[in-house]
Amino acid sequence: MNAVLNAPAFDADVPAPEFKPGPSGTHITIRGLTKYFAGWPLYENFDLDIPKHKIVSVFGPNGCGKSTLINMIAGLVPIDSGEILFDGKSLKDTKIGYVFQNYREAMFPWMRTIDNIAYPLKLEGKSKAEVDRRMAELVASFDVKFDLNRYPYELSGGQQQTASIMRALAPNPEVLFLDEPFSALDFEMTLFIREKLQEVFMQTGTTMMLVSHDLEEAVYLADQVLLLTKRPTKVAEILPYNDPRPRTTATLSEPSFIDAKKLSLEIFQREVRR
Ligand SMILES: Nc1ncnc2c1ncn2[C@@H]1O[C@H](COP(=O)(O)OP(=O)(O)OP(=O)(O)O)[C@@H](O)[C@H]1O
Ligand SMILES: [Mg+2]
């Protein structure tokens with residue numbers, strides 16, 4: 001028999017790279033992630049561990065791939081190769097939520113706000129009683145003061161983004177992804193939603209990945225600031241930031257906050273100049 005004809009298509013002598021899970025407390029394990037756009041590498045053999053029950057803020061130069069990173073983890077953008085596991089499970093066995101930057105395009109305009117928020121629960125086949133119970137919980141935890149029976153376009157930007165976050169959280173996701181959720185909001189609404197997010201995080205401990213282009217906001221909400229390099233993108237540093245929650249305006253003048261922000265800025269500038 002001709003051995004060559006029976007040879008497998010891959011080289012059996014080269015072992016597949018060993019999958020090394022992250023340390024205990026890791027929620028999302030990313031190994032060997034590779035993504036090219038138009039023949040150019042964005043991520044090459046990229047490894048990262050995202051901790052459970054923490055908020056990780058993603059910060060880095062323009063176009064370094066912050067959105068693509070969370071979109072690949074959330075399954076919105078396909079990866080070329082690599083492995084992404086959630087507590088050892090694949091994405092299809094994991095419940096996630098996603099908050100888009102552009103809340104105006106995130107809601108179904110033909111549905112009342114309340115039906116937009118309940119939509120993922122209905123998709124899951126929840127009964128009316130279960131949907132009603134979860135909606136009441138969400139309204140209480142977000143302390144909603146506006147009328148959810150209105151259509152999204154009848155609400156302010158901040159109210160619409162609040163509703164988007166409620167919708168993303170409705171099915172109790174294991175991970176919540178947020179891509180610049182404040183960038184289309186005015187300052188007052190940014191402060192309001194930032195506080196809401198922190199409150200929800202303190203109530204639920206939902207693992208969150210937050211892309212932000214505002215360093216103060218990135219640090220303020222974070223347990224870890226993930227600083228990325230220019231493309232091909234690597235981890236520049238992972239900075240822990242441990243001030244107690246709830247963080248308040250007083251936090252902004254704490255030396256620990258100022259130090260974390262300064263260090264993040266230095267790393268960011270080093271990477272932009274490189
Ligand atoms: N579908 C695509 N086709 C080709 N190139 C893409 C595509 N999506 C993203 N890119 C490129 O990949 C890189 C990373 O894009 P991405 O939007 O993830 O960056 P970002 O860090 O979120 O940027 P920003 O700070 O502007 O939000 C950019 O250079 C972008 O042009
Ligand atoms: Mg982006």
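Trainee: Which residues are around ligand 1?
Mentor: This is a predicted model, mind you. Around ligand 1 you'll find Phe37, Leu42, Asn62, Gly63, Cys64, Gly65, Lys66, Ser67, Thr68, Glu180 and Arg231.

Trainee: How many of the shell residues are nonpolar, polar and charged?
Mentor: Three are nonpolar, five polar and three charged.

Trainee: And which helix gives the largest share of that shell?
Mentor: Helix α2, residues 66-73, with three residues.

Trainee: What polar atoms sit by the oxygens of ligand 1?
Mentor: Serine 67 has a polar side-chain atom 2.9 Å from a ligand oxygen. Asparagine 62 also uses its side chain, with an N or O atom 3.1 Å from an oxygen of ligand 1. Cysteine 64 comes in through the backbone instead: one of its N or O atoms there is 3.2 Å from a ligand oxygen.

Trainee: How much of ligand 1 does the protein bury?
Mentor: 56% of the 630 Å² that ligand 1 exposes when taken alone.

Trainee: Switching topic: which residues of helix α3 are buried?
Mentor: In α3, which covers residues 113-123, the buried ones are Thr113, Asn116, Ile117, Ala118, Pro120 and Leu121.

Trainee: What do those pack against?
Mentor: Two other helices, α4 (128-142) and α5 (157-169).

Methods:
Residues are numbered from 1 along each chain as its sequence is written. Chains are lettered from A and ligands numbered from 1 in the order in which they are written. This is a predicted model: local features need pLDDT of at least 70, side-chain atom pairs count only at pLDDT 80 or more; totals for chains, interfaces and linings use all residues. Side-chain values use heavy atoms; hydrogens and water are left out. A residue is near a molecule or strand if one of its heavy atoms lies within 4 Å of it. A polar contact is a pair of N or O atoms within 3.5 Å; within protein, one must be able to donate a hydrogen and the other to accept it, and residues adjacent in sequence count only if both atoms are side-chain atoms. Accessible areas come from the Shrake-Rupley method with a 1.4 Å probe; for residues, only the protein chains shown count as cover. Helices (H or I, at least four residues) and strands (E, at least two) are DSSP runs, numbered from the N terminus. Ala, Val, Leu, Ile, Met, Phe, Trp, Tyr, Cys and Pro count as nonpolar, Asp, Glu, Lys and Arg as charged, and the others, Gly among them, as polar. Buried means under 20% relative accessible area, exposed over 50%, partly exposed in between (1.4 Å probe, protein chains only). Contact means heavy atoms within 4.5 Å.
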